[in-house]
Amino acid sequence: MGYPHPSHPKETVLLSKYFGDPGARTYAGWIERGGYEGLRKALAMPRAEVIEMVKQSGLRGRGGAGFPTGLKWSFMPKDEGKPHYLVCNADESEPGTFKDRELLRWTPHAVIEGCAIAAYSIQAQTIYIYIRGEFTEPWRIMTKAVEEAYAHGALGANAFGSGTRIDVVLHRGAGAYICGEETAMMNSIEGKRGNPRIKPPFPAQAGVFGMPTTINNVETLSAVPHILTRGAEWYKGLSLSSPKSTGTKLFSVCGHVQRPGNYEVTMGTPMRDLIFDMAGGMRPGRTLKALIPGGSSVPIMTAAEVEGCALDYEGIVAKGSMLGSGGVIVMDDSTDMVRTIWRYTRFYAHESCAQCTQCREGTAWTTKVLERILSGRGKQEDLQLLLDLADNMTGKTICVLSDSCAAPVVSGIQKFREEFDAYIAGARRPVLAAV
Amino acid sequence: MSHAAAQGDGTVTSHEKIFTGERRAQLEALFAKYPTRQACLLPALWMVQEARGWISEPAMAEVGEVLGVTPAFVRGVVTFYTMYHTHPVGRHFIQVCTTSPCGLCGAEETMQAILRESGCGELGATSPDGRFTAIEVECLGACGFATPILVDDDFIEGVTPERVPGILAAYK
């Protein structure tokens, strides 16, 4: 539902049904709402069948990359004797995204249940749930929920009497966006600096502590119990368009809309409905200028591109951007695109782990060049310089942080070039002091 | 038990051990949750910060000793993560999100109000009465509730300049 607003008729509430309902946070409350049925069912099934079911459902990763979840699970080796790990990525920090926070603080047992089903399937006895350090309230709620789940036998040496050991360890981050990248997260769990690792080896071969590991996002795992209880076909049927995008997706809508919040829709819902109906559209007298559909790491879309765009993996790609994490940042006609893009690049410059030169230097210089433009001292050749920097930052580093910094710069110059030109020509008043 | 150690500024301070008694037991209880001791580093650093308010060099050395890693390794980790303090901060630590989505919704005005009302004056500074330290933080993950701030462990949503005096009054 459009938490903190009442559910909108165009939503399909599945994961967000109990947002705002503190009763769903307790173990007893979760059982009353049908909780842990999915885990019980999974524990009675052969592991391969659970994986096959998730594959059939078409569920894809909700953290940003959209990789098919069942396929990811199937990459884990079978019975080779090494310990396996499941890591739940609760390091939500992609600007514009605030859905996992709600899942963690309103439906903690859905997260635990999804984790337990995944762990069972991939033969992992230990689950690390990596919660970003700033999420103090979700941390407290998850801590209590894990204690309760142990007390009721859903977790532990003999989960629900199945003979399977499933342990959950909550691991607190300490302030680093990059730890949301899966290999950086593994390093952080190991007690190291959160530098991403070169792939291969992929986590399924050598992940956390060098052992086979699967990493899934909070929202992905929260969807799993529903697939177990209601079936792959039912989940797959929750799509209005592409058969490659199934189920429901939480979209966090923020920025210049009247009702910012989390809206859950079936894949394929028109983007226009999300912005103008569910989120209430622009403030009075304002019009839509641009939006970023999948967290700040994906290309900017213009108002014209929003028209006819379907909210699913393929629909957004068709309009030149990506679904990403589903964090929709809306900008109306009052927005200074150059200043806004500068604020994104400053974020990436701050969050670069600095191990790759292209990223360490590229994010910093991109930010400085934009500061030069915003302080009224930009030159016409600065735009080409920014594009050259972006080219050197795309596809050339260990992880995609520098690609993410380049995306709004390239799409911003392509789509809103006149605003850059206005600063450079002196037609727009500088907004930053000269440095 | 305490030992003398040189601080970054050359002054010698005594370091009262952190991992003794109950806290030591608390840390050792974590050992079973990870296959290596080193993996307890982030949790151990959180325990240090909770106990002392910040993480000094002697504290880093003590953590290294307990977990079997070098002080330099610990320092590398401490300085990687923005939430660990490597110097003393005010009694209450304020983090204000000013990343783009909140920036679109007035976060910078909220930040200015916090700097003014808290007496911090500028980012990273501590107010003269030692009550507050305020910093800007990148994306707190609550973009629909602009502007979110963290005061110590309290996550406060929808902060506007008008609300700032009332919010800060609760922190003595």
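Which residues does B:Phe93 touch, not counting residues up to four places away in sequence? In this predicted model, B:Phe93 touches B:Thr133 and B:Asp152.

B:Phe93 belongs to strand β3 of chain B, which covers residues 92–97. Because 20 other C-beta atoms lie within 10 Å, B:Phe93 is buried; the cut-off for a buried residue is 20 or more such atoms. B:Val151 stands 58 residues from B:Phe93 in sequence, yet the two C-alpha atoms are 5.6 Å apart in space.

**Chain B: domains and confidence**

Chain B is divided into two domains, domain 1 with residues 2–80 and domain 2 with residues 92–169. Their C-alpha centres are 29 Å apart.

The mean pLDDT of chain B is 93, and 92% of its residues reach 70 or more.

| Element of chain B | Residues | Mean pLDDT |
|---|---|---|
| Strand β1, lowest confidence | 2–6 | 45 |
| Helix α4, highest confidence | 71–80 | 98 |

Over residues 1–8 of chain B, pLDDT stays under 50. For this stretch the model has 18 contacts beyond four places in sequence. Where pLDDT is low, predicted coordinates should not be read in detail.

**The contact between the chains**

For the complex as a whole, the predictor gives an ipTM of 0.95 and a pTM of 0.96. The contact between the chains involves 35 residues of chain B and 46 residues of chain A. On the side of chain B that touches chain A, the elements giving two or more residues are α2 (41–52), α4 and α5 (100–104). The largest share, five residues, comes from α2(B). By class, this side of chain B has 23 nonpolar, nine polar and three charged residues.

**A pair of helices in chain A**

Two packed helices are described by the angle between their axes and the distance between the axes. In chain A, helix α16 (residues 381–393) and helix α17 (residues 401–415) have axes that come within 9 Å and cross at roughly 145°. The crossing of α16(A) and α17(A) is left-handed.

Which residues of α16(A) meet α17(A)? They are A:Leu383, A:Leu386, A:Leu387, A:Ala390 and A:Met393. On the α17(A) side, the residues are A:Ser402, A:Asp403, A:Cys405, A:Ala406, A:Val409, A:Val410 and A:Ile413. The contact of these helices has 10 nonpolar residues, one polar and one charged.

Conventions
Residues are numbered from 1 along each chain as its sequence is written. Chains are lettered from A and ligands numbered from 1 in the order in which they are written. This is a predicted model: local features need pLDDT of at least 70, side-chain atom pairs count only at pLDDT 80 or more; totals for chains, interfaces and linings use all residues. Domain bounds come from an automatic or database domain assignment. pLDDT is the predictor's confidence in each residue, from 0 to 100. Helices (H or I, at least four residues) and strands (E, at least two) are DSSP runs, numbered from the N terminus. Two residues are in contact if their C-beta atoms, placed from the backbone, lie within 7 Å. Ala, Val, Leu, Ile, Met, Phe, Trp, Tyr, Cys and Pro count as nonpolar, Asp, Glu, Lys and Arg as charged, and the others, Gly among them, as polar. Axes are lines fitted to C-alpha atoms, for helices over the stretch in contact, and angles run from 0 to 180 degrees between N-to-C directions. A crossing is left-handed if the near helix is turned anticlockwise from the far one by less than a right angle, and right-handed if clockwise. A residue is buried if 20 or more other C-beta atoms lie within 10 Å of its own, exposed if 12 or fewer, and partly exposed in between; C-beta atoms are placed from the backbone.
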